[in-house]
Amino acid sequence: MSLHKQGMTRRQLLSQSAVFGANFAIGSGFVAGRVEAANWALEVDHLTSETMATLIQMARDIYPHDQVSDAYYAIAMKGYDTAEAAETIEANIAALDAAAKGIGYARYIDVGWERDRVDLLRAMENSPFFQQIRGGLVTGLYNQKAVWPIFGYEGESFSQGGYIDRGFDDINWL
Amino acid sequence: MTAPFDLNDDSVVVIIGTGAGGGVLANELAQKGISVVSLEAGGRYLPEDYINDEWDSFGQLAWTDPRSTSGDWRVAKDFSGLPAWIVKAVGGTTTHWAGASLRFQDHEWKAKTIYGDVQGANLLDWPIDPREMDDYYTKAETKLGVTRTGGRAGLPGNNNYKVFEAGAKALGYKEVHTGRMAINSAEYDGRMACQQTGFCFQGCKWGAKWSSAYTDIPKGEATGHLEVRERCHVMRIEHDKKGRVSGVVYVDAKGQQHAQKARIVCVAGNSIESPRLLLNSASSMFPDGLANSSGQVGRNYMRHMTGSVYGVFDKPVRMWRGTTMAGIIQDEARHDPSRGFVGGYEMETLSLGLPFMAAFLDPGGWGREFTTALDHYENMAGMWLVGEDMPQETNRITLNHDIKDQHGLPVANVHFDDHPNDIAMRSHAYKQGIAVYEAVGATRVFPTPPYPSTHNMGTNRMSEKARDGVVNKHGQSHDIANLFVSDGSQFTTGAAENPTLTIVALAIRQADYIASEMGKKTL
């Protein structure tokens with residue numbers, strides 16, 4: 001994802017940001033990968049950047065793939081940054097943070113172990129909010145063409161003449 | 001007369017639907033010089049339009065008009081508004097089908113006699129002798145260019161097949177091969193050979209897989225006796241004072257309603273829409289819907305016992321490369337009650353792309369149990385299990401008056417409960433499917449629940465006696481002589497085999513009957 005907020009580079013933006021959770025840098029109106037290697041940032045217009053960072057963490061906790069960058073989870077969550085959705089999303093993330101307080105953390109994003117965060121999600125998995133986020137991810141994450149190569153999936157093949165000369169029967173370990 | 005035909009032309013045969021049943025029937029009648037108006041709810045898409053992308057293709061082709069579901073089947077929970085994965089387009093579900101083209105086994109035509117009384121099942125023998133079907137099956141195989149029939153070669157096995165075959169042979173299975181497929185292994189009927197592209201479910205962009213969309217439909221149109229009106233949704237079938245059908249009312253793409261007169265009406269809208277249309281055509285003379293004196297319209301809905309098994313291996317398979325349904329194990333298709341169920345099942349390779357695997361592997365699943373499966377997508381092999389399910393009177397299509405479609409018509413509710421025989425067969429099939437993959441070193445296996453139905457059957461069933469079903473042995477309704485059913489809804493029982501070849505064979509046979517009766521002036 002590229003970043004073009006007020007003409008600033010990602011590096012300039014990061015200089016104005018605070019570390020949030022393990023992986024996120026947040027500033028006024030944006031969330032970004034904390035380390036330089038992450039190389040992504042997402043502007044938010046309606047949600048707070050804290051809420052978007054929490055949504056991205058929640059998305060990863062629902063469908064954790066360690067080889068998939070936060071950038072793709074961020075893309076999957078970007079659609080919730082709308083005027084219509086913001087109020088409900090903020091309220092539900094506030095409830096998630098309140099649940100985290102119940103086990104001794106300030107916010108969901110501060111819960112260090114994935115298994116503890118998953119316990120919090122498991123307790124709400126039948127809620128409309130959880131199901132909305134989970135259901136949306138099925139296409140929002142896995143239907144990103146840029147994600148497919150990470151899983152080895154090759155996608156469209158017609159334009160390359162199919163696999164008749166490209167390994168449809170190349171298995172060599174049987 | 002030649003196409004196009006006038007709305008007031010009451011000499012035409014009106015066929016509703018252009019898939020395996022309606023599309024073939026339309027061409028067969030047109031070839032005999034009979035005037036046909038085909039009404040198709042969907043648009044016309046050809047190989048150049050098909051999309052090698054699962055969700056984009058679904059958006060292009062799938063029938064996504066509202067429907068509702070009920071019953072204990074898992075589809076009602078996982079996909080409550082999508083009971084079936086079928087197509088709304090010229091060519092119907094022949095754009096989407098995998099191409100498996102298997103004849104019924106002889107005993108499957110006589111399920112009630114052979115299986116005996118099965119508690120809770122509404123079994124009946126087909127009113128057809130299997131020998132009557134031999135020539136029609138041959139004609140259907142010739143039309144479709146089915147591999148491993150008529151001297152046509154089999155398709156080559158892809159990676160997914162090779163894993164499947166190795167496991168099958170390790171288990172001692174004998175009837176294992178790359179299938180009898182309506183996919184060209186060599187150029188045939190002006191269509192090219194399979195290029196092992198994958199995406200068979202998304203419409204074959206080479207035209208190597210048979211679909212009525214680019215075979216029977218244009219061939220019929222070329223005679224001048226067939227007019228296809230696309231994006232025309234039939235709302236109801238009308239009848240005269242004598243109780244004979246007289247035409248149909250349909251709504252076109254602009255929302256305009258038209259009435260087309262007809263000498264004969266043939267319903268071929270798939271096993272959900274066909275009974276829905278008969279029920280939505282209720283009148284003061286036929287208050288329970290057309291052709292429904294038996295009360296069987298919409299009942300005995302069958303969808304095949306289905307399930308899938310995916311296996312993960314320690315090395316790559318890349319199952320998506322090549323033919324989607326690339327091979328079959330037929331050893332379990334026999335009727336052998338010692339396994340704990342009547343009827344049998346086929347095991348057929350299947351692959352899904354990553355997007356559909358995420359949606360269908362374990363609907364609703366999340367967390368690392370789910371995601372570690374997808375992490376090894378490249379190392380997965382897959383198979384589909386498809387077997388005979390029991391007809392039950394309570395599994396049925398009804399009108400849901402609480403939900404209306406875009407035309408203001410009550411939608412279909414699809415109710416399905418698994419029969420104990422279906423459950424016993426599925427358990428056996430999962431066990432055998434898992435064994436196939438474990439025999440070649442699978443490190444993890446997934447007994448995957450049924451997808452939305454692709455094989456929809458039985459809701460206007462054939463019967464010898466009018467009280468037991470909706471249509472006779474020719475698909476002609478018992479109640480109304482000039483009303484026919486021409487799709488899989490006429491199936492008396494479902495057999496273990498993928499239904500398309502039988503739908504095509506019955507359509508060819510029905511065309512002969514209709515032409516003969518028209519010639520005798522009895523229709």
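In chain B, five strands make an open sheet in the order β5-β2-β1-β9-β17, with parallel pairing. Strands are DSSP runs of E of at least two residues, helices are runs of H or I of at least four residues, and both are numbered from the N terminus. Two strands pair if DSSP finds at least two bridges between them. The edges of the sheet belong to β5 (226-229) and β17 (483-485) of chain B; each has a single partner strand, so one side of each is left without a neighbour in the sheet. On average, neighbouring strands of this sheet are turned by 20 degrees against each other, direction ignored. Here axes are lines fitted to C-alpha atoms, for helices over the stretch in contact, and angles run from 0 to 180 degrees between N-to-C directions.

This is a predicted model: local features need pLDDT of at least 70, side-chain atom pairs count only at pLDDT 80 or more, and totals for chains, interfaces and linings use all residues. Residues are numbered from 1 along each chain as its sequence is written, while chains are lettered from A and ligands numbered from 1 in the order in which they are written.

Look next at one pair inside the sheet. Strands β1 (residues 13-16) and β2 (residues 36-39) of chain B pair in the parallel sense over four bridges. Ile15(B) stands opposite Ser38(B) in β2(B).

Now move to a loop. Ala62(B) sits between α2 (54-61) and β3 (68-70) of chain B. Ala62(B) is buried, because 20 other C-beta atoms lie within 10 Å. The cut-off for buried is 20 or more other C-beta atoms within 10 Å of the residue's own, for exposed 12 or fewer, with partly exposed in between; C-beta atoms are placed from the backbone. Beyond its neighbours within four places in sequence, Ala62(B) is in contact with Trp85(B), Val87(B) and Lys88(B). Contact requires C-beta atoms, placed from the backbone, within 7 Å.

Gly353(B) is buried, with 26 other C-beta atoms within 10 Å. Setting aside neighbours within four places in sequence, Gly353(B) is in contact with Tyr153(A), Glu54(B) and Trp320(B).

That brings us to the interface. Here 34 residues of chain B are in contact with 28 residues of chain A. On the chain B side, α6 (159-171), α9 (354-360) and α10 (368-375) each supply at least two residues. The residues of this side divide into 14 nonpolar, twelve polar and eight charged. Ala, Val, Leu, Ile, Met, Phe, Trp, Tyr, Cys and Pro count as nonpolar, Asp, Glu, Lys and Arg as charged, and the others, Gly among them, as polar.

Note on methods:
Contact = placed C-beta atoms within 7 Å.
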